[in-house]
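Keep the model open and follow along.

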Amino acid sequence: MGSQTLGYLVVIIVCHGLSVHAIIPDRGGCVKIEWVANWTDVADVNNMHLFENPGELISGVAVRDMLQLAGLAWNARSWQEIAGLLCISYGPLLNGLVGDNSIRRACEPILSSLSEKNENLSIYDSCMRASIDSGASRASVERLYLYSTYNEDIDNMQTVVNLSPTALKLLGWIGPSALSFDIYGACSTLRILLSRSTPVANIIDKIQDITIHPMAVVLKSDIFREICHKPSPGDDEVLALAIVNGLSDLTDRPLCQFLPTSPTLEASKERATTIIGNAEVVLTDISTCQKLLTELSNNGDEYFHDIFNMITGTTWRLTRDREELCTNISITFSSDSRYIPTAYVLPPGTSLNQFRFWETPGELLPGFYFGEALDIAGAFLRADTLEDGMVLLCDVFEDFISDLNPKYNISRITRMCTSLRESQFGELEDACLDFLSNVTLHSYEGFYYQYWINSSDSQSQFQYDYQYVPAPDIVSTISRLNGYHLLVTCIEFYRRLLQPTRISPEDTCEDLDTYFRSDNNLQSLTRLAVDVALKEAIPIVNEICENYREMHDYYDKSDCCRTFPALEMNIRSFILAHFGFASRDQLCRHIADGIDPGSGRATDKAVMSLQKEALRFLTNEQRCLAFDLPFHRLWGEFGSSRDANEVFSTYTGYDSADELCEELRQFFATKTCGKSVKDHYILYIIIHKEYGVGEIHRFLRLR
């Protein structure tokens with residue numbers, strides 16, 4: 001394939017319009033499609049030129065063709081029908097370029113199935129072949145170009161397969177914002193869990209459920225098998241093996257006898273369930289506790305015994321010592337415990353600077369011993385809700401933490417504990433961000449900006465390192481949209497789209513096959529994507545609204561943003577017109593009303609409302625025209641000397657935005673003849689919320 005052909009390939013794939021002969025207008029207001037592709041209609045790539053004629057991206061392919069195809073896909077009855085439309089449009093062209101009839105072989109079953117009105121065509125085999133081909137290609141690329149970076153012994157796909165069930169469960173539990181892997185994610189997670197009045201026991205059960213799969217993967221892997229076969233395993237390896245055996249049901253054989261049988265993942269899950277469950281049972285069951293301590297005592301070296309003694313203040317070499325310790329632990333964590341929380345303060349005349357840790361076995365802080373720590377942990381686990389448990393921690397440690405650094409800590413710790421006691425979770429999240437951002441210097445974007453502008457040599461850089469110039473709080477808020485947050489939001493879209501339980505080539509192809517045969521179309525896909533994006537964006541927009549004036553003044557005066565006033569005005573006018581709001585205040589009130597006061601997340605009602613408004617431009621001419629004025633303003637501010645109307649006409653083929661918007665409305669109101677999708681997205685949401693993932697899969701397969 002020539003270099004010029006390759007250069008046009010991407011443009012052709014995106015731009016090539018529907019074959020006109022396949023579209024037949026019907027009296028019922030719909031479009032009847034002839035599911036036949038003209039495989040002799042091969043474009044001459046060498047004679048294709050970009051924008052040779054106004055509105056033609058390449059010769060004979062106009063923007064109108066693209067809009068018409070998008071409109072038909074928007075209202076299509078299924079993705080099978082969309083695939084058929086793509087085959088009619090792109091199939092002959094791509095088949096001629098590839099030259100081996102592979103595109104034709106892929107398209108013909110789809111077109112034949114649509115002609116025969118058979119909606120049960122499976123794409124699983126084709127998906128798997130594509131997966132294998134892409135995997136082989138990816139492996140060869142890594143071997144050729146990335147040898148120094150990637151270890152070929154590591155199977156990256158297997159890592160995804162192993163970790164995906166845990167990641168998907170976490171997403172379903174606390175959502176993308178909590179998994180941004182920064183201080184904002186930590187504070188958001190805390191607020192979400194507190195707002196749900198989640199019992200501590202339920203949180204522990206959820207954590208156990210989430211960790212079973214990764215534990216089973218570790219048990220099934222070669223990690224422990226290699227330890228078992230080592231003639232002289234390391235001390236840490238011996239202890240790891242001792243912990244696993246101590247928490248296992250040894251009637252199912254010690255781990256080193258269990259592994260040589262090459263256990264299945266299901267068998268490993270059963271053992272992992274026992275191990276993780278016993279990690280909690282060990283706190284209340286004396287026999288399980290003794291079994292674990294015996295394993296650790298028999299396998300721990302002298303150093304480990306010393307560490308255990310320093311922390312707990314007890315020895316465990318004798319059976320009676322272990323029994324006594326386990327009895328005390330079981331009483332502490334049982335419902336019969338009579339512990340009453342009391343505030344911990346440093347004893348008079350002592351300070352942490354003078355305290356020698358571990359000098360007295362079992363003394364964790366001055367006058368604070370291991371037994372008291374157990375009492376607090378037991379009371380926390382017995383708390384009715386996470387909120388009650390955290391209030392207990394405040395009751396015990398608030399004064400102590402405040403006294404460590406009175407100038408810095410008193411106001412922040414008091415603010416956090418007060419908001420906890422008053423169930424003001426929004427205030428708690430703000431206090432959490434204030435505390436953590438100052439600890440990590442995360443909110444000093446203004447400082448970093450000044451640092452690079454004003455520093456010219458290493459000495460001045462070092463001196464300026466301590467001259468913090470705080471940026472407004474809103475700068476920290478915007479940074480929530482980091483790469484991890486965006487990545488996790490994309491994974492959340494994938495999770496809600498296909499409802500997977502694991503990410504692997506086989507599972508993904510099966511889920512795609514189910515989705516392909518369902519009554520979904522481009523509309524349901526787009527609405528779901530906007531839904532997921534708005535769910536994450538609305539809370540951030542709300543904080544922008546709350547700090548709008550401060551943010552505006554900061555960037556307006558900043559040397560980095562001289563174009564900010566014009567850019568901000570045009571973006572603001574576009575957003576208001578696009579969503580149908582008369583003013584920024586009206587938009588911000590609407591956003592604020594859509595925030596759940598407990599969790600701080602967007603309500604489903606607000607998401608659905610804004611999603612509907614966001615896509616209204618496809619069927620409403622006035623909303624479509626909202627794009628026109630900002631385009632002309634921005635072109636005048638940042639564009640070249642060419643007239644904006646001339647540019648618009650050259651690239652779209654329309655004389656005016658009014659003409660384009662009128663045709664856009666018509667195209668997106670057009671449907672193919674036959675059974676149509678009737679609010680499938682709404683039905684999808686209802687089933688998801690009321691009946692769960694399994695019922696969605698059952699419903700789609702029945703369709």
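Start with helix H13, residues 286-299: its 14 residues reach 20 Å from the first C-alpha to the last, close to the 20 Å expected at 1.5 Å a residue. (The expected span is 1.5 Å times one less than the number of residues; helices are DSSP runs of H or I with at least four residues, strands are E runs of at least two, and both are numbered from the N terminus.) This is a predicted model, so local features need pLDDT of at least 70 and side-chain atom pairs count only at pLDDT 80 or more, while totals for chains, interfaces and linings use all residues. Residues are numbered from 1 along each chain as its sequence is written, and side-chain values use heavy atoms, with hydrogens and water left out.

Which residues of H13 are buried? They are Thr288, Cys289, Gln290, Leu292, Leu293, Leu296 and Ser297. Buried here means under 20% relative accessible area, with exposed over 50% and partly exposed in between, using a 1.4 Å probe and protein chains only. Those buried residues pack against helices H10 (235-247), H12 (265-281), H14 (302-312) and H15 (319-333), with contact meaning heavy atoms within 4.5 Å.

Now hop over to H3 (residues 79-98) and H4 (residues 102-115), whose axes come within 9 Å and cross at roughly 155 degrees. That makes H3 roughly antiparallel to H4. Axes are lines fitted to C-alpha atoms, for helices over the stretch in contact, and angles run from 0 to 180 degrees between N-to-C directions. Under 35 degrees counts as roughly parallel, over 145 as roughly antiparallel, 65 to 115 as roughly perpendicular, and the rest as oblique. On the H3 side, the residues that meet H4 include Cys87, Ile88 and Leu94, and their H4 partners include Ile103, Ile110 and Leu111. The residues of this H3–H4 contact divide into 10 nonpolar, six polar and two charged. (Ala, Val, Leu, Ile, Met, Phe, Trp, Tyr, Cys and Pro count as nonpolar, Asp, Glu, Lys and Arg as charged, and the others, Gly among them, as polar.)

For another angle, look at H7 (residues 183-195) and H17 (residues 386-404), packed at about 120 degrees with axes 8 Å apart. That makes H7 oblique to H17. Leu190, Leu193 and Leu194 of H7 meet Leu386, Glu387 and Met390 of H17.

Next, find Asn542 in helix H25 (residues 522-546). Asn542 is buried, at 10% relative accessible area.

Finally, zoom out: the chain has 35 helices and six strands, and 44% of its 703 residues are buried.
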